[in-house]
Structures are given as C-alpha cells and as structure tokens.
Amino acid sequence: MPQAQANDSAIKIYYDGLRQGVLKARKCRSCDRHTFPPTTCCEHCGSWDLDWVELTGRGTLLFATHNISPACHPRFEPIAPYVYGHLRLDEGITVQAIIRGIEATPEALRAVFERGPVPVVADILVMDDLPVLAFRPAG
Amino acid sequence: MRNRLRERIAIAGVGCSRFGDLLETPELKGLSIQEMTAAAVKEALDDAGMSGQDVDAVYVGNAMVHSSQLPATYSQLSKWIGTELRSGVHFEAQCSTTNVGAAMAAMAIASGVHDKVLVVGLETTRTRVKDLSPYEREPISHQMTWLWTDMAVNQAYQVPQGYDIFSTYNGIVALGYCRKYGIGIDDFDRGMFEVCRTRRLHGSMTPKANIQETLEDEARRKGYADAFELWRSDKDNPFVAWPSRLKSLVTTADGASAMVVTRAELAGARSQPVELKGFGICYRDLPWYDEDPTYWEGDRRSVDQALDMSGIKPADIGYLHTHDCSHISGLCTAELIGYIEPGKSLAYARDGRLRFDGDRPMSTHGGRHAFGHAWAASAGSDTYEAVTQMRGAAGARQIPKRPDIAVIHTHGYAMVGTTLVLGGL
Ligand SMILES: [Zn+2]
C-alpha cells in the first residue's frame, strides 16, 4: 500500500484499506475507544487525539434482513436484493453491512434468525467503482 | 442545559394541504409548489386570525431541494403568503423539520426577540420540476426519491456501502423486537397486519390523507377473499426487508403544512390555541442503535428533555404520534415513551387499543403509511392532527375522550429524534 499522503482524506485511506482487505479504524488516546469507520475525531468523547489502527475483521452477526430491489443506490442494482446485517465486531463496534453467503429469501433469513448469533469474517465486496465492507459466516 | 422556556408558548393556528401528488390528486392537481404551500399557510393564518404581515419571522423548511428547486424558500414564497419584509430563514431537519421549526420559534419567542413566528414545511417526494419549467412537473422514480433522500444519510461510509433504509429501519428493528420479546415471525406478521389495518382505517376517515382506502376495501377491489390474504400476497405486499412488508412502510407524497407560534397571551380570541409545553431534540448518525435495535438512545434523550421541560408524565398522554415510516420502529418509540407496555404493541394493535376509539389512540390521521410522507411537511401534519384532536374537531375519527396532553414524536432523517408536548391553554 502506498504511504498515505498528508492530505489524504480518512475516507480515501479507509477505502484504500478495504481494497487490500484491511479495515482501518481510529482509536482514541483519551478514552481508548474506536471510531469506525474513521473520521476526524473520537465519536465517543470528541477528542481529536487519535491513532490509526487495523481491526481484525471478525465479529458476530446478530440479525440479518435484506434490502429492496431495485436498490436505493444505483451502485447496488446488480446485486439487489442482498442480505444486510447488524453486527458486533470483536472490538465491540456495532456495524451494519452487506452479508455474503446467505440467500436473500425468507426461508434462508428465517433459518439465520432461528439459529441466533453467527460468527462472521470480513469478506470485502469489490464493486465496479468501490470496494465495499461486507462479511460472511465464518467457517 | 437549563431546558426551560421563559414564556408560555402557544400554537395559535395550524394548516395542512392534502397529501398526495401534484400531478394526480384532485385537490393538488395543477397547483405549483408555491400555491400548495400557500394553501397550508392561509389555513394556519386564518386559524390564528392573522395575516402574513402580523408575523415577525418565517421559518421555512424544505429538505429535498432537488425536486422543489426552491432554495432561499423564504423569499421565493413571501409574495405568495404575504410575508414580505419579515425576518426569515430556510432550514431543514428532514422529516422533523416543521416540529424543529416550532421548537426554534418557541425559543425565539421565549428569548424575547419575536412575538409571532410562522413555521412552514413543504416537500415534493412524488413530483419534480420538469425541464426547468416554472410550472410543469413530472413524476420521480422511487429510486431517484431514495437516492436524493439518502443524501441526508452518512455519505462517507453508509450509503456508499449498501445502506438501505428499509433494512436498517424496518427489518433489523423487527428482528430485534421479535428476539427481545420472544415473538414468532408469523405472530409478528399478523401484528403488523393489525397495525396497518388500524392506520388505513384512520386514513379512510381523514380527508387530507394520501391513502383513504381501508385495507379491507383494497382487498375487495383486488379480488382477495379478505384483507389478510391481501396482506400475505407477494404481489401486492412483498417483503421489502424480511420480515417487514411493503405495507408496514411510508408512502411518499407531495404536501405542505404550517403553524403560527406566538406568545401565549397573543394567541387570538378568534383561534383555539394550544400550548406548546415542551420539546426535545437529539440527533445521532448511523448506526442509530447499538446491539439492541429496539432501543434508540437519541429518542430516549429527546423524550426525556420534552417531558422535563413540559413537566408531564407518560401517564398524562392522551394522544400520541410517533414517527412511523416504519411501523415497528414507531411502536418501539411508543414503548420507549411509556405509552405502551414493553413488548405489548402488537397485542395492543390486535385488541384495537391503538385505534382512535381505543384507550391508547395513535396516529389517528393514518400516520406515514396512510396519511403519507412529504418529508419536511410531515411533522407539521402530525401536529395539525394533534391540535385537531385536542380541539375535538376530528369528526368521524375524533378520540372520544378529548386529549388534554398530546405528544408528537418524529424522526428527521438521519436521525433527529424530535418530541413536542402540547397541552390545553
Ligand atoms: Zn475518545
């Protein structure tokens, strides 16, 4: 990965990271908590004193539903309807993201709901114009 | 935060247009945005016994400027509503706009600067300007409406990565609710049917509602054996975010609403004012909830601020509207407020307790599904209904025990929890 330039936006650094399969976050030097995805200050305490860190990409899928078709955003028309999940990452961060490896059908989603929380790992989805944070069931 | 108003504040007049479509709905067809808005403003000013020249300031809200193409809306409207040479601003808090405007008006008045403030909300989510014409309009596709609407949502990370309002606001909240209270998916579906049936009944009794057809009449018209068969139909009521179906959602609308906010002693003898006793406003970026999708900290704070400022308790509430772009989210908010016992919303709906004639009346104009949703105008339409109910002027859908205290909660995308408390003056 090329070294980030002084004026690179956190947004660009984040998506450049995703393109290489890395989840870039910021960690607060005041309260020790994560801001993910990364911004300019700590989303918990407002401190501007932050480090860059990488997340493990592991977590737990708590709930899985799906989106509408055609998708609200044209970028996702080719893959809609897709499964969209509510997750807790191992670092304690709540995230919502596309879930791969589960069919967007009532039957499949009902099975996930009845099974309960599922371990997941990051599985970046590469769209034509952008790498997108996504996860899939682990193992 | 002191969280107190230094003056008693009145809503002296309210107005609202029909919610519908500027190309199709009989009461709106052929009107410009300026005229649709002027009709709502005239009703509010007439109600307050004032003209546009009587107000000190005008706060005009419009969220989706892409379709209205009327930024600087204060001056673009001033010759249509009689408010030339006033103070004013264009602002937005998305779907909380008009009620945030009422709160800003209350603060301006309680500070001693203004006496009378006109708050206006207008929105076109069904039609847009056609080819730069000053009066011709054309329909907006659903995808375009959501692309524009979602510009109010985290544009760095959420929308670019597949965020979908129906997943986040409906499906995940529904699953969280079922898990938390041990409700089976089929029971949930039946409960959502009952909620929709109630809202559609309310819409059928509300002449300004977008949808005025009951679910039963729609089923008959489409050849179903009964309304539940329609409800379970993949064709007419598909899952949009499993286990939430299409008819548990918002319907889009063009519309406008207005209210006149004044010092209490200036509310005219010709009007039937209500007191704006308190409000609370609290926003949060995505995700709007932590691990438990049924509990929204932003709503907790907004509601607590409003109850504290107004000095009322949940048991005092005689009428409640919660933001119900998603029926299940609106019910979670009603439970958070303490109007419905935790986990009991679907049972209340089945037992008819949420109907206008039940003991916990909610959204008697039909809510965002039946009354329809014109983003920046909608909170004002909810307040319009609350004031109408408090005046005993709601006709067929009048709550039998006229409410002394009404609470209106709205979610301004994405996401401003806003709570108003109204009381008798
Ligand atoms: Zn911090």
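Predicted model: local features only at pLDDT ≥ 70, side-chain atom pairs only at ≥ 80, totals over all residues.
View 1. Helices (H or I, at least four residues) and strands (E, at least two) are DSSP runs, numbered from the N terminus. An unreviewed UniProt entry annotates residues 291–421 of chain B as "domain: Thiolase C-terminal"; such annotations may be inferred rather than shown by experiment.

**View 2. Helices α10 and α11 of chain B.** Here α10(B), residues 297–310, packs against α11(B), residues 327–337, at an angle of about 45°, with the axes 10 Å apart. Axes are lines fitted to C-alpha atoms, for helices over the stretch in contact, and angles run from 0 to 180 degrees between N-to-C directions. The angle makes α10(B) oblique to α11(B) (under 35 degrees is roughly parallel, over 145 roughly antiparallel, 65 to 115 roughly perpendicular, and the rest oblique). From α10(B), the contact takes in B:Asp299, B:Arg300 and B:Val303; from α11(B), it takes in B:Thr333, B:Leu336 and B:Ile337. Contact means heavy atoms within 4.5 Å. Sorted by class, the contact of these helices has 3 nonpolar, 1 polar and 2 charged residues.

**View 3. Helices α1 and α3 of chain B.** Now look at α1(B), residues 33–48, and α3(B), residues 73–81: their axes come within 9 Å and cross at roughly 60°. The two helices are therefore oblique to each other. On the α1(B) side you will find B:Gln34, B:Glu35, B:Thr37, B:Ala38, B:Val41 and B:Leu45, which meet B:Gln76, B:Leu77, B:Trp80 and B:Ile81 of α3(B). This contact has 6 nonpolar, 3 polar and 1 charged residues.

**View 4. Where chain B meets chain A.** At this interface, 33 residues of chain B are in contact with 39 residues of chain A. About 3200 Å² is buried between the chains, and carbon and sulfur atoms give 59% of that area. Buried area is the accessible area (1.4 Å probe) that two parts lose on being put together, summed over both.

**Notes for all views.** Residues are numbered from 1 along each chain as its sequence is written, and chains are lettered from A in the order in which they are written. Local features need pLDDT of at least 70, side-chain atom pairs count only at pLDDT 80 or more, and totals for chains, interfaces and linings use all residues, while side-chain values use heavy atoms, leaving out hydrogens and water.

Methods:
Nonpolar A, V, L, I, M, F, W, Y, C, P; charged D, E, K, R; others polar.
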